[in-house]
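Reader: Before I put any calculation on this model, I would like to go through its strand pairing, its aromatic contacts and its nonpolar packing with you. Could we take these topics one at a time?

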Amino acid sequence: MIRTTLLLLITCVVSLAWAAPEDSRRPGGVAIIDVGSTELAMPEVSFSDRPVLVMQDAGRWKAVVGIPLDTAPGPVTITANGVEVPVTIKEHAYAEQRLTVKNQSHVTPDQAQLDRIGRERKIIDGALNNFRDVPVTGIALAAPVGGPHSSSFGKRRFFNDHPRAPHKGMDIAAPEGTVIAAPGRGVVAATGDYYFNGKTVIIDHGQGFVTMYCHLSEIGVHEGQQLETDDPVGAVGATGRVTGPHLHFGTYLNGTAVDPALLLQTVTTAE
């Protein structure tokens, strides 16, 4: 019995050491590219002039590339140590989503509100586009909060019949006040109470791998704080532009939003 349990634990550890998502070369997806042997130095990889996360896997360097939602199907180019690597992006259709928001100013902000949104956008973009050059061993994530996960990532949204940008995260339904746990190790890159996002926390996991948590009722961390997996981040709320309490969970690679469903870890046990 002890030997069986030990073997199961070893298998889990080996699996989590790589913890790569599914290779899904589509808009909003993740491309995993072999970029050489780990007997050589880790290569510098970029996509659209942005640095890309690189990890080890079974003696190979693997680039983990976020594909922007607005990428057209067809060939794109990843650059590794100056060498162009062709990658083909497949077509993927996203649905529409129509929502009713009670506060009309969250649909058509006035000039003062637009000025505020612009100031906040610089802070948020700075955190989402930061590249902290530290080793990363895996990007599989635990769910930050329990509850039903929506499949709304990539949906073209209409608020009160006004078209807006596609949804760049996953909505997780949970009661207000539910504790949100860090899904992986990282550093708090930014916190704030923003116009659209409400109370927000952004965690930097290294090499452009970033997660974001929006609409919180309270924030339980501070900028620069080191977090370990399962550390409390804050609580579910309904702040900002929302239709009710939930967590907006966003995941980013090389400055682009990718589908969180590709990174959430599903643990299964052997019989």
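This is a predicted model: local features need pLDDT of at least 70, side-chain atom pairs count only at pLDDT 80 or more; totals for chains, interfaces and linings use all residues.

Reader: How many of the 11 residues of strand β15 are buried?

Author: Strand β15 covers residues 209–219, and a residue counts as buried when its relative accessible area is under 20%. The strand is largely enclosed by the rest of the structure, because the number of its residues that are buried is eight.

Reader: Which residue in the hairpin of β14 and β15 takes a positive phi?

Author: Strand β14, residues 198–206, runs antiparallel to β15 and is joined to it by six bridges, and within this pairing I203 stands opposite T211. The hairpin that the two strands form has two residues between them, and the positive phi, near 55°, belongs to Q207.

Reader: Which residue of β18 stands opposite Y213?

Author: Strands of a sheet pair through backbone hydrogen bonds, in either a parallel or an antiparallel sense. For β15 and strand β18, residues 247–253, the sense is antiparallel and the pairing extends over five bridges. Within β18, the residue that stands opposite Y213 is F249.

Reader: Which residue stands opposite I219 in β17?

Author: Strand β17 comprises residues 232–236 and runs antiparallel to β15, with three bridges joining the two. In this pairing the residue of β17 that stands opposite I219 is G234.

Reader: Which residues touch the most other members of the largest nonpolar core?

Author: The largest nonpolar core has 31 residues, and the elements that give two or more residues to this core include β14, β15, β17 and β18, as well as β1 (30–37). Another core, of 16 residues, lies apart from it and has V52, V65, I67 and V76 among its members. In the core of 31 residues, the ones that touch the most other members are I139 and L247.

Reader: What is the angle between the planes of Y195 and F196?

Author: A search of the whole structure finds two aromatic pairs, and one of them is formed by Y195 and F196, at 5.2 Å centre to centre. Planes over 60 degrees apart count as edge-to-face, and this pair has that arrangement, with an angle of 75°.

Reader: Which strands stand at the edges of the open sheet of four strands?

Author: The open sheet has the order β3-β2-β6-β7, with antiparallel pairing. Two of these strands each have a single partner strand, so one side of each is left without a neighbour in the sheet, and these edge strands are β3 (50–51) and β7 (83–89).

Reader: How many bridges join β6 to β7?

Author: Strand β6, residues 74–80, is joined by three bridges to strand β2, residues 45–47, where S46 stands opposite T79. Towards β7, T77 stands opposite P86, and the hairpin of β6 and β7 has two residues between the strands, with N81 taking a positive phi near 50°. These two strands run antiparallel, and the number of bridges joining them is seven.

Note on methods: Residues are numbered from 1 along each chain as its sequence is written. Side-chain values use heavy atoms; hydrogens and water are left out. Rings of Phe, Tyr and Trp (its six-membered ring) pair if their centres lie within 6.5 Å; planes under 30 degrees apart count as stacked, over 60 as edge-to-face and the rest as tilted. Buried means under 20% relative accessible area, exposed over 50%, partly exposed in between (1.4 Å probe, protein chains only). Two strands pair if DSSP finds at least two bridges between them. A nonpolar core is a set of buried Ala, Val, Leu, Ile, Met, Phe, Trp, Tyr and Cys residues joined through side-chain atoms within 4.5 Å.
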